[in-house]
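Subject: A structure to look at

Dear colleague,

I am handing over the structure below, and I would be glad if you read these notes with it open beside you. After it comes what was found, going from the whole chain down to single residues.

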There are 2 protein chains.
Amino acid sequence: MTIGTEPHDPLDASELESLHRWWQAANYLSAGQIYLMANPLLREPLRPEHIKPRLLGHWGTTPGLNFVYAHLNRAIMRRDLEMMYVIGPGHGGPGLVAASWLEGSYAEIYPDVGHDLDGLTRLFTQFSFPGGIPSHVAPETPGSINEGGELGYSLAHAYGAAFDNPGLTVACVVGDGEAETGALATSWHSTKFVDPARDGAVLPILHLNGFKIASPTVLARIPEEELRSLLRGYGHEPRFVIGDEPTAMHQSFASALDDCLDDIAEFQDRARRRNTPDRPRWPMIVLRTPKGWTGPPTLHGKRVVGSWRAHQVPLPGPRTDPEQLRQLEDWLRSYGPEVLFEPGGAPIPEIRELHPVGSRRMSASPHANGGLLLRALRLPDFREYGVAVDRPGATTASATGVLGEFLRDVLRSNAEEGSFRLFSPDENNSNRLGAVLDATGRNWNAVREPEDDAALAVDGRLMEMLSEHTCQGWLEGYLLTGRHGLFSCYEAFVHIVDSMFNQHAKWLKVTRELPWRRPIASLNYLLTSHVWRQDHNGFTHQDPGFIDHVMNKKAEIVRVYLPPDANTLLSVTDHCLRSKDYVNVIVAGKQPEAQYLDIEAAATHCTKGIGVWEWASNDAEGGPDAVLGCAGDVPTSEVLAAVDLLRTRLPELRLRVINVVDLMRLQDERQHPHGLSDIAFDSLFTTDRPVIFAYHGYPWLIHRLTYRRANHENFHVHGYNEEGTTTTPFDMCVLNKIDRYHLAIDVIDRVGGLGAAADYARQEFQDTLIRHRRYVTTHGEDLPEVRDWSWPSWNNRS
Amino acid sequence: MTIGTEPHDPLDASELESLHRWWQAANYLSAGQIYLMANPLLREPLRPEHIKPRLLGHWGTTPGLNFVYAHLNRAIMRRDLEMMYVIGPGHGGPGLVAASWLEGSYAEIYPDVGHDLDGLTRLFTQFSFPGGIPSHVAPETPGSINEGGELGYSLAHAYGAAFDNPGLTVACVVGDGEAETGALATSWHSTKFVDPARDGAVLPILHLNGFKIASPTVLARIPEEELRSLLRGYGHEPRFVIGDEPTAMHQSFASALDDCLDDIAEFQDRARRRNTPDRPRWPMIVLRTPKGWTGPPTLHGKRVVGSWRAHQVPLPGPRTDPEQLRQLEDWLRSYGPEVLFEPGGAPIPEIRELHPVGSRRMSASPHANGGLLLRALRLPDFREYGVAVDRPGATTASATGVLGEFLRDVLRSNAEEGSFRLFSPDENNSNRLGAVLDATGRNWNAVREPEDDAALAVDGRLMEMLSEHTCQGWLEGYLLTGRHGLFSCYEAFVHIVDSMFNQHAKWLKVTRELPWRRPIASLNYLLTSHVWRQDHNGFTHQDPGFIDHVMNKKAEIVRVYLPPDANTLLSVTDHCLRSKDYVNVIVAGKQPEAQYLDIEAAATHCTKGIGVWEWASNDAEGGPDAVLGCAGDVPTSEVLAAVDLLRTRLPELRLRVINVVDLMRLQDERQHPHGLSDIAFDSLFTTDRPVIFAYHGYPWLIHRLTYRRANHENFHVHGYNEEGTTTTPFDMCVLNKIDRYHLAIDVIDRVGGLGAAADYARQEFQDTLIRHRRYVTTHGEDLPEVRDWSWPSWNNRS
């Protein structure tokens with residue numbers, strides 16, 4: 001690097017020198033992590049046994065990440081900023097670890113990795129090493145909220161972090177590989193959902209590193225004007241910093257960053273004085289540097305720096321190839337470890353002290369360990385929102401409609417704190433949560449027109465964009481920085497974020513093993529517009545498989561609730577909003593449905609999670625001839641109707657109805673903390689009676705949960721069998737054989753030997769099914785006896 | 001509409017009039033489908049009983065779709081174009097059905113829905129009616145390849161259709177709601193992966209309808225210059241058509257469409273004469289019209305047209321509200337049904353005949369019923385690519401590396417036909433399929449630089465973009481139009497397209513019930529870089545759950561294969577490439593691994609799908625004391641190593657090794673067409689011996705597949721338990737207890753009563769596990785006895 005400054009350069013010579021030296025140190029430490037397990041300061045010539053036996057890690061993106069880090073630190077110190085650093089190209093794990101180690105935050109968390117030779121050796125050895133730390137930016141990395149394994153979520157996470165944090169600036173490096181993913185490509189439009197007055201700012205830094213694993217990247221290979229046009233189209237004003245000569249790059253980047261931060265300050269200042277009606281054109285930086293910058297230029301005559309060959313380990317064989325060993329030593333020595341570090345292993349004071357203080361260090365930001373900032377939500381008493389239910393079935397209500405009123409007041413109670421938001425892909429009203437609009441607006445910072453719903457508001461707490469990815473990413477960022485939220489989504493389309501759920505669940509699993517990571521609020525899904533009531537939208541909208549997907553993750557992380565009515569939904573949601581470090585999946589209907597339990601009974605039932613509904617059962621004497629299990633609102637109502645059919649026709653038949661709210665109760669207590677003991681399970685489901693189980697989703701799952709139970713052979717599960725189209729809700733049940741008639745027939749068949757009355761009833765039910773099919777396809781509505789089915793007398797006996 | 005033309009207008013008065021009349025007819029038929037079940041021509045005053053009891057459907061987007069259809073037809077006729085119409089806003093189902101009915105293609109497929117009063121009544125009644133047709137553009141809709149239920153995939157499907165179809169122009173309406181999804185947002189970049197010489201063209205029409213279910217859309221609410229900038233950033237030159245006055249809109253759209261088609265013709269012509277080195281700036285249209293255009297302006301004083309209220313059924317209550325009934329009648333009569341249709345129900349000749357002929361009709365395009373065009377792939381004999389295996393374990397090979405050579409020659413054999421492509425999110429080489437680059441290039445039509453891999457080629461058949469969504473969407477479009485392909489993907493990240501898989505599987509399920517839909521080539525996934533060999537990338541890259549996800553779909557659609565070595569992978573892939581109408585999931589490793597079966601044995605084993613490996617078993621006399629099952633390459637090698645440990649130490653113990661390639665063989669024959677009978681299953685797994693099963697994925701699945709089998713209680717499944725980090729591959733096995741030592745201990749414990757030698761061996765294995773942990777975290781590599789484990793003598797006895 002040539003040290004020399006021009007009058008208009010933002011950095012004077014000494015600033016330039018210290019910045020550069022810090023960068024050199026971070027780069028040295030990054031390369032050291034990838035390669036070395038001994039001789040960390042190169043105090044002796046490099047020998048094969050100093051090199052790790054298995055070289056794992058990604059160099060390519062790392063020097064760029066370190067470069068940005070150094071400059072952000074300068075800005076934080078000069079401006080006393082509160083900043084976070086979200087890294088899209090998370091393969092660059094060693095860079096972030098190096099920065100944390102240099103800033104001292106690493107040793108604060110991991111005391112045996114301090115500023116001495118032992119610590120330095122451990123820093124190098126542990127990286128990508130069995131029993132050590134992962135190769136990516138991960139939960140183990142101080143200052144991180146974005147796992148760098150699966151790409152695409154950095155920008156949405158950054159916005160989630162910035163919401164309701166007016167003092168925070170989130171620098172977000174977007175990799176040019178990551179930028180090709182769907183999730184990332186649409187999250188640029190977050191610019192229309194940020195309030196410069198109430199929220200913090202996101203500063204995207206698009207890093208044109210040039211190559212993915214093997215191919216060039218799209219955004220690095222379109223003309224600069226086309227890229228500028230694209231980014232302006234996203235609502236940004238990009239500043240380009242391009243090159244590889246360090247001095248020029250330092251000056252250019254410092255200047256661009258200063259300009260961006262000036263713009264952000266001005267936009268926020270204007271908005272906070274309330275004299276800016278317009279959405280600002282937010283600044284951003286495009287940083288184009290060679291992949292593997294400062295690394296070995298070539299290997300065996302082939303280009304490394306500036307090519308895809310720099311993606312992972314640029315010199316793959318230094319342990320066996322003396323030529324590569326020499327190249328590696330030259331490369332490492334090019335950073336000047338002898339001037340960067342003291343003989344004892346600590347960075348020299350000029351480097352060691354070149355960072356913001358305390359929690360201003362990005363690697364020590366409390367926002368990146370959100371549990372530190374988490375405050376419990378103020379929750380109104382959910383009992384006050386309960387629907388009156390004098391007797392089961394007497395009242396009809398929309399479960400999500402009732403929940404909307406509770407959520408409205410949760411929003412109100414936490415408005416001042418600014419710690420709760422709702423997220424939905426334009427489905428809030430469709431999901432009958434419209435009441436929340438009395439408490440907040442629908443977030444919107446794009447053009448408004450006269451005919452718009454008055455609810456659009458720049459500072460709305462209802463976040464709606466027709467991108468499940470962005471909604472989920474925002475929510476994750478919001479939770480990871482210590483706030484609360486709920487994602488309401490059509491059940492079928494939550495599969496769009498299967499993979500994001502995976503990554504969040506994995507993040508939670510790892511953080512639970514890290515004592516310094518404080519618990520965060522749970523990620524709460526409300527899945528509605530569910531499979532049984534997507535009769536109008538048809539087959540594409542019918543998929544209850546997210547529950548199955550969720551169940552593959554660690555039992556200590558996931559919870560699944562199927563409240564059968566409004567009051568149980570209230571109780572379950574209240575519970576979920578208080579919980580930490582879980583993913584809670586709540587499945588509930590939005591259509592007006594019969595209500596079964598008053599609010600106290602609902603609370604009791606939900607606390608148990610499973611229970612016999614005695615008011616619907618008639619097995620008090622002698623135990624049941626058959627057990628009818630149900631989980632989910634529509635299965636529950638069909639089971640109750642089946643019980644009515646059977647009790648009317650076969651009064652001697654003893655039936656027990658068991659409703660399951662907390663699906664995990666079915667599992668073995670050794671498999672899941674909510675699991676029932678075998679004794680408790682057997683006392684509910686018996687060890688030898690047939691169990692006809694109507695389940696909301698794919699029937700397999702109930703078998704999977706119960707296959708070790710004594711009575712499992714007698715479980716007969718009805719559920720969604722991937723049969724559907726545009727039809728009536730009841731016909732959906734019939735197509736999948738979960739309707740009252742199929743259930744009643746199954747009970748008769750499984751109990752067996754019930755005599756002539758049962759044979760007659762069975763025939764009647766089968767005839768009804770045939771009549772149904774004919775009627776519904778002719779009239780477009782259900783049989784009168786189905787439509788007008790009224791609640792029987794037995795549920796009056798309280 | 002004012003009929004009047006200016007000299008520069010593209011449409012003369014008569015053309016304008018017929019276009020407009022066709023549009024009116026399509027709009028009338030669309031509204032009729034939503035509302036009417038009788039009185040289809042309004043020959044008598046509208047009465048409540050003419051209205052369907054349940055009103056389902058989406059009006060909002062429909063008139064715009066009809067408008068575009070009319071204009072495309074004009075262009076097809078004038079230019080003799082071959083066009084397809086891909087509809088992103090697929091809620092507009094009635095529009096496409098109306099167009100097909102007008103063109104006569106509907107009655108060709110559904111003869112009872114013809115051009116007479118009965119047919120017209122049926123057309124109206126069947127829509128969104130039980131036993132009728134879905135409300136969206138669906139498999140049932142002639143001319144469609146894109147289900148409009150879940151949004152986001154139209155543009156990728158359109159490009160998939162255009163690849164290798166140089167004569168085809170695919171008009172693709174992108175909804176402004178859909179445009180907010182991740183999948184759609186990134187698929188605009190397909191412009192860098194289309195070859196103007198060899199491929200057809202995609203003409204995107206971004207329809208700014210203005211509103212989603214409840215909110216405005218982002219792209220309709222950014223300034224026009226910002227939108228133009230965005231679209232130019234995607235590589236397009238947009239032409240804007242904005243308004244609501246029909247005459248002006250017809251002229252303006254016709255003019256824009258003419259210009260776009262001129263540009264496309266010129267770009268293609270230039271490219272095909274080989275004098276255009278540059279990627280063209282492809283034309284597109286932005287069409288801004290009011291939502292619900294031509295519908296009822298208001299309801300109860302609130303705006304309908306031009307607002308979110310027009311999204312579904314604009315007048316929801318005409319059956320009960322006389323005012324709405326009157327409004328509906330006025331609205332329907334505004335199209336002039338008495339002049340559009342003959343008394344017999346047929347459209348008047350001027351409308352009936354206003355369409356292209358035969359297969360030029362978009363609703364009769366053979367491309368949209370790709371099975372019509374499907375020709376079998378020319379496949380070289382996979383046996384010629386087999387790895388020599390003199391005895392099990394003697395050879396080492398990378399399974400995907402070997403497969404790459406086969407795929408290379410599949411590409412070569414079908415190069416002329418142009419009917420086979422590979423798709424991968426930049427993972428082809430990482431997945432060791434590099435040999436294919438000898439036969440084709442990596443598709444790339446962006447800027448190239450000197451240091452690039454020479455494999456980049458405008459006409460490459462290897463499609464790599466770092467977007468699983470786009471890869472999957474392209475492939476679906478390619479298959480649906482009658483070609484073949486294979487998607488290779490990291491196993492963990494295929495979850496990104498869980499939801500796209502769902503929709504494709506649903507599409508296949510429905511098309512199998514439609515005789516006129518001809519079978520298409522299967523969607524083939526090759527999942528590699530799988531959970532057991534993502535030790536280097538860590539926990540985020542470890543997820544074998546896609547198999548579970550797939551298993552929820554209809555048994556007749558899905559197939560899952562876990563070939564244990566290279567030769568079985570060859571055999572399985574050959575089979576999958578010949579199959580139709582399935583989704584095939586193949587999971588196979590890329591790392592060099594032991595090979596077990598020579599190519600003939602592999603072919604036989606794969607044909608059976610499951611079988612005893614007698615060379616590894618020693619239960620010939622008296623049957624087994626224990627069965628060791630395995631499915632997947634790593635589980636298989638650990639099972640074989642466990643057998644070695646046990647046979648060395650406990651030679652009296654009789655073991656049977658069963659390898660499963662076709663996972664569905666485990667299932668009951670009543671559940672899946674590949675399922676084994678109980679007799680066959682029991683003869684393999686016995687009815688009373690312990691079965692220690694090492695499975696590639698989450699262990700639940702094996703229980704789910706076998707829970708009805710006699711011996712299920714004795715199944716003890718080892719699989720992935722969501723434990724992982726950056727470590728060695730063998731340590732991954734240990735962490736999840738699927739390694740040889742845990743398996744061997746489990747055999748000893750489950751068989752029981754094996755005496756002192758077994759107790760001693762058990763203790764030895766436990767000690768080894770403890771030593772392993774200590775060794776691997778110290779040395780970063782596995783115990784020498786694990787690394788150097790060599791194949792035992794027993795596998796020599798063949």
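In this predicted model, chain A is built from 25 helices and 22 strands. Its radius of gyration is 31 Å, close to the 28 Å that the globule rule gives for 798 residues, so chain A is as compact as a globular protein of that length. The C-alpha trace of chain A spans about 100 × 65 × 45 Å along its principal axes, and 65% of the 798 residues count as buried.

Chain A is divided into domain 1 (16-366), domain 2 (382-594) and domain 3 (610-796). The centres of domain 1 and domain 3 of chain A, taken over C-alpha atoms, are separated by 57 Å.

How do the two chains meet? On one side there are 95 residues of chain A, which are in contact with 96 residues of chain B. Several helices of chain A each supply at least two residues to this side, among them α7 (182-187), α8 (224-233) and α24 (755-779), while the largest share, 7 residues, comes from α15(A). Sorted by class, the side of chain A that touches chain B has 27 nonpolar, 40 polar and 28 charged residues.

Helix α1 (residues 13-35) and helix α2 (residues 62-79) of chain A pack at an angle of about 145°, with their axes 9 Å apart, and the crossing of α1(A) and α2(A) is right-handed. The residues that make this contact include A:W22, A:W23 and A:A26 of α1(A), together with A:F67, A:Y69 and A:A70 of α2(A). By class, the contact of α1(A) with α2(A) has 8 nonpolar, 4 polar and 1 charged residues.

In the segment before α1 of chain A lies A:P10. Is this residue buried, partly exposed or exposed? A:P10 has 18 other C-beta atoms within 10 Å, and because that count falls between 12 and 20, the residue is partly exposed. Although A:P10 and A:F253 are 243 residues apart in sequence, they are 9.4 Å apart in space, C-alpha to C-alpha. Leaving aside neighbours within four places in sequence, A:P10 is in contact with A:Q251, A:A254, A:S255 and A:D258.

Turning to chain B, helix α6 (residues 154-162) is mostly covered, since 9 of its 9 residues are buried. The buried residues of α6(B) pack against β1 (82-87), β2 (168-175), α7 (182-187), β3 (201-208) and α14 (468-480) of chain B. Just after α6(B), B:D164 takes a positive phi of about 65°.

Not counting residues up to four places away in sequence, B:Y741 touches B:F765, B:T768 and B:L769. The C-alpha atoms of B:Y741 and B:R762, which are 21 residues apart along the chain, are separated by 8.6 Å.

With best wishes

How values were computed
Residues numbered from 1 in each chain as written. Chains lettered and ligands numbered in written order. Predicted model: local features only at pLDDT ≥ 70, side-chain atom pairs only at ≥ 80, totals over all residues. Helix = DSSP H or I, 4+ residues; strand = E, 2+ residues; numbered from the N terminus. Rg over C-alpha atoms; globule rule 2.2 N^0.38 Å. Contact = placed C-beta atoms within 7 Å. Nonpolar A, V, L, I, M, F, W, Y, C, P; charged D, E, K, R; others polar. Axes fitted to C-alpha atoms, helices over the stretch in contact; angles between N-to-C directions. Left-handed = near helix turned anticlockwise from the far one by under 90°. Domains from an automatic or database assignment.
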